[in-house]
Amino acid sequence: MKNKKIKSFTLDEMKAKYVGELGTESRTRYEAELNMEIIGELIRKTRLERQLTQEALGKLVGVQKAQISKLENHANSARIDTIIRVFKALHAEISFSITFENKVVQFV
């Protein structure tokens, strides 16, 4: 029996094959949804560490419990200002950086 070499693939190669090439609409949408999933999970974990209910956090932020639930469950319609208010209410620092024309702009 011959030894067969198993071909390995990088994560980027797998994403390109199954999600789409970098820069395509499907890949951009996938990456944005993945980032929202991470943000939602961070909100949930931090809220639980602070021993707050979704309702209590919502009151601190000035939104309904349902909005906090949507944020934690990766709803893609979240506004950046809402996300910032949530993290401020949780006493957590958050910063965003944007890269364009090889320059990085950071917002804290």
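Author: Let's begin with α3, where the cover over the buried residues includes α2 (25-49), α4 (65-72) and α5 (80-89). Keep in mind that this is a predicted model.

Reader: OK, and which residues of α3 are the buried ones?

Author: They're Gln54, Leu57, Gly58 and Val61, in a helix that runs over residues 54-61. Looking down the axis of α3, you'd find them within an arc of 105 degrees, so they line one face of the helix.

Reader: What's exposed on the face turned away from that buried side?

Author: Lys59 and Leu60 are the exposed residues there.

Reader: How much of the chain counts as buried?

Author: 23% of its 108 residues do. As for contacts between residues at least 6 apart in sequence, 42% of them join residues at least 24 apart.

Reader: You mentioned α5. Which residues are buried in that helix?

Author: Thr82, Ile83, Val86, Phe87 and Ala89. Around the axis they cover an arc of only 160 degrees, which puts them on the same side of α5. Turned away from that buried side, the other face has Ile80 and Lys88 as exposed residues.

Reader: And what covers the buried side of α5?

Author: The cover includes α2, α3 and α4.

Reader: So how do α3 and α5 pack, what's the angle?

Author: About 110 degrees, and their axes are 9 Å apart. That makes the two helices, α3 and α5, roughly perpendicular, since anything from 65 to 115 degrees falls in that class.

Reader: Which residues meet there?

Author: From α3 it's Leu57, Leu60 and Val61, and from α5 it's Arg85, Val86 and Ala89. Val61 is on the buried list of α3, and Val86 and Ala89 are on the buried list of α5.

Reader: New topic: backbone angles. Where does phi go positive just after α3?

Author: At glycine 62, with a phi of about 90 degrees.

Reader: Which residues other than glycine have a positive phi?

Author: Glutamine 51 is one, with phi near 55 degrees, and histidine 91 is another, also near 55 degrees. You'll find glutamine 51 in the loop between α2 and α3, while histidine 91 belongs to the loop between α5 and β1 (96-100).

Reader: Are those two buried or exposed?

Author: Glutamine 51 is exposed, at a relative accessible area of 73%. Histidine 91 is exposed too, because its relative accessibility is 68% and the cut-off is over 50%.

Reader: What about arginine 27, is that buried or exposed?

Author: Buried, because its relative accessibility is 4% and buried means under 20%. Arginine 27 is part of helix α2.

Reader: What does arginine 27 touch?

Author: Leaving out residues up to four places away in sequence, its contacts are Asp12, Lys15, Ala16, Val19, Gly20, Glu21 and Leu22.

Notes: Residues numbered from 1 in each chain as written. Predicted model: local features only at pLDDT ≥ 70, side-chain atom pairs only at ≥ 80, totals over all residues. Heavy atoms only, no water. Buried < 20%, exposed > 50% of the residue type's maximum accessible area, 1.4 Å probe, protein only. Helix = DSSP H or I, 4+ residues; strand = E, 2+ residues; numbered from the N terminus. Arc of directions from axis to C-beta. Contact = heavy atoms within 4.5 Å. Axes fitted to C-alpha atoms, helices over the stretch in contact; angles between N-to-C directions. Parallel < 35°, antiparallel > 145°, perpendicular 65-115°, else oblique.
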